[in-house]
Amino acid sequence: MIEIRELTKVFGAGAACVTALDHVSLTVRTGDIYGIIGMSGAGKSTLLRCLSMLETPTSGQVLLDGQDLAAMSGEQLRRERRKMGVVFQGYNLLMQKTVAENVAFPLKLDKGMKKGDVDARVRELLELVGLADRAGAYPAQLSGGQKQRVAIARALATNPQTLLCDEPTSALDPLTTKSMLRLLREINEKLGVTILIITHELTVVSAICSHVAVIGEGRVAEQGAVADVFGHPQSAVTAQLLERGV
């Protein structure tokens with residue numbers, strides 16, 4: 001389970017400071033597919049970066065199974081971060097590496113893992129995401145949907161408990177989006193991985209998420225079951241999202 005308590009992130013100092021997250025609190029239950037939705041600039045991606053400790057929160061707590069990541073450093077933090085896989089907006093693939101090499105990259109950081117075990121894990125993951133026949137291809141030879149699948153396979157390489165996805169469908173056409181959401185649901189059901197999706201798309205949250213938090217200007221406007229939040233909006237931020245049909 002992920003618990004975010006009073007999480008605040010401020011960039012800069014003095015008169016030039018910007019508060020990207022303002023006392024954000026929410027809970028993502030184990031095994032859930034949880035959506036975080038908001039307009040551009042609402043603080044969604046900053047929240048994901050603080051969750052994964054790519055950004056250090058200014059204050060507050062990020063609890064993963066009761067352990068506060070914000071209070072950790074060094075080897076302890078690196079060990080706990082391996083429990084989370086991140087799928088970045090824009091894929092962040094290594095363009096000079098093949099598909100198989102991209103997926104293997106986090107595994108090769110584990111010096112104790114044998115090459116045969118790495119190769120077997122890569123084959124398993126490429127089979128899962130439907131790219132077993134593209135292991136030797138390079139990212140430039142792939143479609144946007146295929147690149148996203150490689151990014152997902154790489155994020156799953158270390159058997160994380162949680163998958164954090166930043167706008168996983170923003171660059172995809174509607175048909176590819178549906179295929180990507182089916183894959184994420186399959187990963188959730190087959191592997192038991194908790195999935196947190198950052199998005200600005202109502203259709204993504206409605207299609208796959210059980211719970212949602214609506215973010216506006218760095219704050220949680222409302223949260224709860226998707227049907228309740230979208231069916232009976234209690235905040236102006238949610239009403240605006242629904243009106244625009246983002």
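Of the 246 residues of the protein, 48% count as buried, where buried means under 20% relative accessible area with a 1.4 Å probe and protein chains only. The model is a predicted one: local features need pLDDT of at least 70, side-chain atom pairs count only at pLDDT 80 or more, and totals for chains, interfaces and linings use all residues. Residues are numbered from 1 along each chain as its sequence is written, and side-chain values use heavy atoms, with hydrogens and water left out.

**Overall picture**

- The C-alpha trace spans about 50 × 40 × 35 Å along its principal axes.
- Among contacts (heavy atoms within 4.5 Å) between residues at least 6 apart in sequence, 67% join residues at least 24 apart.

- All six residues of β9 (residues 211-216) are buried.
- His211, Ala213 and Ile215 point one way from β9, while Val212, Val214 and Gly216 point the other way.
- Strand β3 (residues 33-37) pairs with β9 in the parallel sense over four bridges; two strands pair if DSSP finds at least two bridges between them.
- Strand β10 (residues 219-225) runs antiparallel to β9, and six bridges join them, with Val220 of β10 the bridge partner of Ile215.
- β9 and β10 form a hairpin with two residues between them, and Glu217 in the turn has a positive phi of about 50 degrees.

- An open sheet with antiparallel pairing has the strand order β2-β1-β4-β5.
- β2 (18-28) and β5 (67-68) stand at the edges with a single partner strand each, so one side of each is left without a neighbour in the sheet.
- Five bridges link β1 (residues 2-11) to β4 (residues 59-64) in the antiparallel sense; Glu3 has Leu63 of β4 as its bridge partner.
- Helix α1 (residues 44-51) lies across β1, β2 and β4, running at about 115 degrees to β1; axes are lines fitted to C-alpha atoms, for helices over the stretch in contact, and angles run from 0 to 180 degrees between N-to-C directions.

How values were computed: Buried < 20%, exposed > 50% of the residue type's maximum accessible area, 1.4 Å probe, protein only.
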